[in-house]
Amino acid sequence: MILQIFTRVICARKIIGCPFQNKLVLKCLSSSVSSKSLVLPENEPGLDLQSATQQQSETQIQSDTYVPALREDVLNKYIKPKKNYLPLINFAAYVNKSTTLQEFVKLGVNLHIIELTRGAQELILKLNFDRDVKKYLTFLHDVGVPADELGSFITRNPFIFKEDLDDLQVRINYLESMAFTPENITRILTKNPRWLLFKTQSIDERLGYFQSKFKLIGPEVRHVAVRMPKIVTYKQRHIEENYFAVKEEMGFESGEVKELLLQKPKIYTINRSNLVARFDYLHNTMGIPHSQLISQPGTLLCRQSKLKERHEFLKSIGKDIFDPTKPGYISPLSVVAGTDQYFCTKVAKTSVETYNRFLKTLC
Amino acid sequence: MKTALIYDAPSVCKLLNGIVCVYKSAGESFNRVRHSILHKLSQELCELECRVPKQRISVERDEVTRILTVKRYENLADNPLVMGPMYEPNDFKCCSAVRLGIDTAGVLVLGLNSGTKDVYELHRQHPLRVYRISGTFGYMTNNLYKTGKVVDKSSVKHVKRGVFENLLAATEASHQRTMYELCGVDPQSQAAYELAAKGLIRPANTKIPVIYAVKFISFELPNFTIEVHCINEYEAYLKALVHSIGTRLQSYATCTGLQCIRHSYFSLEHALLKKHWNLEEVIRNIQNNKKLMEKNVSLESGLLQSLP
């Protein structure tokens, strides 16, 4: 109601610039909420006298009986909102009264995260635990989601309460028909709770997309879906872009593209420009060939700053030998994996202090 | 010295007041550094023993006996699951008087909570910064840094070490002369001597960059490294300085690295590396910095030590 008035006032201010008229408009606004009242009766030429007076008397009666005219200072408060004013629903205001929310807290649901999800607050507040929530929890339990994962499941996917239970059962049946084992289904649901929001047809299309795009066979599709369930419901456009980056920009063969997907599906979901920059450093600066990157794809997922720091250190002590045929070979994966302690003692064979001192000379 | 083990978050949080000196790497913006350090601190504080959740008190009346009783319940609105984590990055005040640019690495002095005041107080005394700048002769880029597009190229064979050193000395001398001129005294006069005897001549304005020394570090064609002692500088100014060195040697020069190796009292040895940005190291750093500032009253002590 207040918001409506607020927006109307802004509209009215735009229409009529004069402050005196403005007051009149505000009065009209406060007396009746219909949009007709935006037009002032005196200014309307086509209105005959009788009807105008009638309207005026009507508005007077309304203002006397129903809504008192809003004072200007009160209105000003809404016309000039404070800087950090944000209309937010906060579950903390309801949690002591609502048993449903209390049950959610007992389950370990992060309500402050759901609060920020658009559209989820109203959905959660309208739920009744016994009537609406219990059947979903028993369903999830039957499907194999462990009890301690239920909280994080609902946190990440509060919209499951919108879906029909039969539909969910159909989606599970589809997975079973595609020869996913119960353990696989449990892993898929715990790793990617949003999977159940997608229609059977959509999931089928997405699995088919991976099969045709990367030329996978049945077990390989299942391997990818179980290894990283998030990639199946990920934005297809992003995967398409990264596919282009891997194949055309980096120059991997189609068989190698598939190999990368099977070993590290995450490569297709990370930021494309970061991925290309990292590959550029690995291939052109460190001189690691494609074949070696295929055997150790973990190097493509390391943060570039870390990679650069460690490579420069190895270079400064003359140990940057990444060719397996030469003596003193260091595998690229051992450079990026492990803590600094492990890297310094096992790979670079120096002390951590030396490495720290070296880091402060980098620029 | 007393030692005590602290394991609860509120008392640890009280220790986070003062100046922190961190090592910023190139390619990272100031805001990113600030966010990551505050994020890590708040995350570690939440893992400690936080305050006891508040209780909800309600007065209830028994319908039959009509006796009012006061009852205490657990206040769920104060539960971390409902209201969010106990400590958030926004709970801390953190700022710096000198924001290093995105391409600059090195010592960054941050004020944490009540330390923000100290940082600005330090800045008002015009502290001296020392930069180590590396550059390359032979090409010019569109943003005067190595990341830009190469615009023009030139020969480098004629650039000799002696000429290069002469130029650096001339740059330093011309800046010193302008310093005296800004103060309105002749550099050869008695007044100038008395002014210099008081200590560094500091500019009244905080906007005009002033260079106190340009030192030669290394020269291997086409690369070179110099050290610049200055006040009121900014990143673009230092990049332009390298460019001007190139043009005055009838060649082009491009900046390839900027590193702040000293900021007033703080040098590289006091700076915390990114992997050390945690509660324990930050608190230790704050304590050390407090001692360091008490011990060295004069701001110039650092400069006199580093100059031969």
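Modeller: We start at Glu227(B), which sits in strand β10 of chain B, residues 223-231. Helices (H or I, at least four residues) and strands (E, at least two) are DSSP runs, numbered from the N terminus. Before going on, note that this is a predicted model, where local features need pLDDT of at least 70, side-chain atom pairs count only at pLDDT 80 or more, and totals for chains, interfaces and linings use all residues. Residues are numbered from 1 along each chain as its sequence is written, chains are lettered from A and ligands numbered from 1 in the order in which they are written, and side-chain values use heavy atoms, with hydrogens and water left out.

Is Glu227(B) buried or exposed? Its relative accessible area is 5%, so Glu227(B) is buried. Buried means under 20% relative accessible area, exposed over 50%, and partly exposed in between (1.4 Å probe, protein chains only). The side chain of Glu227(B) makes a polar contact of 3.4 Å with that of His229(B). A polar contact is a pair of N or O atoms within 3.5 Å; within protein, one must be able to donate a hydrogen and the other to accept it, and residues adjacent in sequence count only if both atoms are side-chain atoms. Leaving aside neighbours within four places in sequence, Glu227(B) is also in contact (heavy atoms within 4.5 Å) with residues including Val130(B), Tyr131(B), Lys215(B) and Ile261(B).

Now look at helix α5 of chain B, residues 161-183. Its buried residues pack against β6, α6, β9, β10 and α7 of chain B. The buried residues are Phe164(B), Leu167(B), Leu168(B), Thr171(B), His175(B), Met179(B) and Tyr180(B). The expected span of a helix is 1.5 Å times one less than its number of residues. The 23 residues of α5(B) should therefore span 33 Å, and the end C-alpha atoms are 34 Å apart, which agrees. Just after α5(B), Gly184(B) has a positive phi of about 85 degrees.

Next comes Pro209(B), in the loop between α6 (190-197) and β9 (210-220) of chain B. Pro209(B) counts as buried because its relative accessibility is 16%. Not counting residues up to four places away in sequence, Pro209(B) touches Ile231(B), Asn232(B), Glu233(B), Tyr234(B) and Tyr237(B). The C-alpha atoms of Pro209(B) and Ala4(B) are 46 Å apart.

Last, the meeting of the chains. Chain A has 21 helices and zero strands. Of its 363 residues, 40% count as buried. The contact takes 22 residues from chain A and 25 residues from chain B. About 1,700 Å² is buried between them, and carbon and sulfur atoms give 58% of that. Buried area is the accessible area (1.4 Å probe) that two parts lose on being put together, summed over both. In chain A, Asn96(A), Lys360(A) and Cys363(A) lose the most area to chain B, together 41% of what that side buries.

How many salt bridges does the rule find across this interface? It finds one. Asp340(A) and Lys275(B) form a salt bridge through their side chains (2.7 Å, N to O). The rule asks for a side-chain nitrogen of Lys or Arg within 4 Å of a carboxyl oxygen of Asp or Glu. Between the two chains, eleven residue pairs are in polar contact, both at pLDDT 80 or more. On the side of chain A that touches chain B, α21(A) gives the most, with four residues.
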